[in-house]
Amino acid sequence: MTSESQLQAKRPVSASLAGPYGHPFHPILVTVPIGAWVTSLVFDIASHVVRRPGFLTQSSEWLIAVGVIGAVLAATVGFLDLFAIAAGTPAYRTALVHMTLNLLVTAAYVVNFLWRQSDYTGGASVGVGRLVLSALGIVVLAISGFLGGKLAYRYGVRVADENTQAEGYTPGRDRSGTRPAG
C-alpha cells in the first residue's frame with residue numbers, strides 16, 4: 001500500500017522547474033558534473049604520462065569549471081525534489097546525506113579550480129595534491145551517487161507509481177490511444 005508521503009515524493013514541487021511527473025530533470029543534469037569531473041581526473045592522471053601535459057592540465061581545469069556549473073544546476077532541481085520528501089522519513093534522511101555529500105564535493109572542486117588558478121603550472125603535470133583532491137572528490141561522488149540511486153530505485157523518489165509504470169507493460173493501446181508499432 002502506498003502512503004500519502006510516498007505519493008508526495010513522486011510528484012514534482014514545480015513541474016516546470018524540477019521536471020514533469022515521472023521524468024525529473026535532476027538525474028539528467030547530474031551527468032554533467034559526473035562526466036566532467038571523471039574526465040578531469042583521467043586528464044590529471046594522463047598529464048603524468050605524456051611528454052607535453054599542458055593541454056591536459058588546462059583541459060582538466062576547464063572540465064572542473066564545467067562540472068561546478070553543472071553541479072549548481074543539478075543541485076537547484078535536486079533541492080526541489082528534496083522538498084517533495086516528507087521530513088523525518090528514511091528517504092528524507094538519505095536525501096540530506098546525498099545533498100550534503102554533493103555540496104562537499106562541489107566545494108572541493110571549487111577549491112581545486114581556485115588552487116589551479118593561483119599556481120598555474122605553465123604546461124607541467126597536475127600537482128599531486130590537486131590530483132589527490134580530484135580522486136577523493138570522485139570517491140565521495142560515487143558514494144553520493146549510490147545514495148541517489150537508493151532514493152530513486154529503493155524509495156521511488158520522483159519515480160512514477162506502479163500503476164503508471166504498468167502502462168509500459170500492457171499490450172494494446174498507449175496513453176495517446178494509438179496502437180504501438182510492432
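Let's start inside the fold: Asp-44 is buried, with a relative accessible area of 0% (buried means under 20% relative accessible area, exposed over 50%, partly exposed in between, using a 1.4 Å probe and protein chains only). This is a predicted model, where local features need pLDDT of at least 70, side-chain atom pairs count only at pLDDT 80 or more, and totals for chains, interfaces and linings use all residues. Residues are numbered from 1 along each chain as its sequence is written, and side-chain values use heavy atoms, with hydrogens and water left out.

**Overall make-up**

- The chain has eight helices and zero strands (DSSP runs numbered from the N terminus: H or I of at least four residues for helices, E of at least two for strands).
- Read from the N terminus, the order of elements is α-α-α-α-α-α-α-α.
- Of the 182 residues in the chain, 35% are buried.
- Among contacts between residues at least 6 apart in sequence, 72% join residues at least 24 apart; contact here means heavy atoms within 4.5 Å.

**Nonpolar cores**

- The largest nonpolar core has nine residues: Trp-37, Leu-41, Ile-64, Val-68, Ala-71, Val-105, Tyr-109, Ile-138 and Leu-141. Such a core is a set of buried Ala, Val, Leu, Ile, Met, Phe, Trp, Tyr and Cys residues joined through side-chain atoms within 4.5 Å.
- Two or more residues of this core come from each of α4 (31-46), α5 (54-83), α6 (90-118) and α7 (128-154), and α5 gives the most, with three.
- Apart from this core lies another one of six residues, including Leu-82, Ile-85, Leu-151 and Val-157.

**α4 against α5**

- The axes of α4 and α5 come within 8 Å and cross at roughly 160°. Axes are lines fitted to C-alpha atoms, for helices over the stretch in contact, and angles run from 0 to 180 degrees between N-to-C directions.
- The two helices, α4 and α5, are therefore roughly antiparallel to each other (over 145 degrees; under 35 is roughly parallel, 65 to 115 roughly perpendicular, and the rest oblique).
- Their crossing, α4 with α5, is left-handed, a term used if the near helix is turned anticlockwise from the far one by less than a right angle, with clockwise giving right-handed.
- Residues making this contact include Trp-37, Phe-43 and Asp-44 of α4, and Ser-60, Ile-64 and Val-68 of α5.
- The residues of the contact of α4 with α5 divide into twelve nonpolar, six polar and one charged. Here Ala, Val, Leu, Ile, Met, Phe, Trp, Tyr, Cys and Pro count as nonpolar, Asp, Glu, Lys and Arg as charged, and the others, Gly among them, as polar.

**α4 against α7**

- α4 and α7 have axes 10 Å apart and pack at an angle of about 145°; the crossing of α4 and α7 is left-handed.
- The contact involves Ile-34, Trp-37, Val-38, Leu-41, Asp-44 and Ile-45 of α4, together with Leu-131, Ser-134, Ala-135, Ile-138 and Leu-141 of α7.
- By type, the residues of the contact of α4 with α7 are nine nonpolar, one polar and one charged.

**Two residues to look up**

- Asp-44 lies in helix α4. Leaving aside its neighbours within four places in sequence, Asp-44 is in contact with Ser-60, Arg-116, Val-126, Leu-131 and Ser-134.
- Leu-96 sits in helix α6 and, at 30% relative accessibility, counts as partly exposed.
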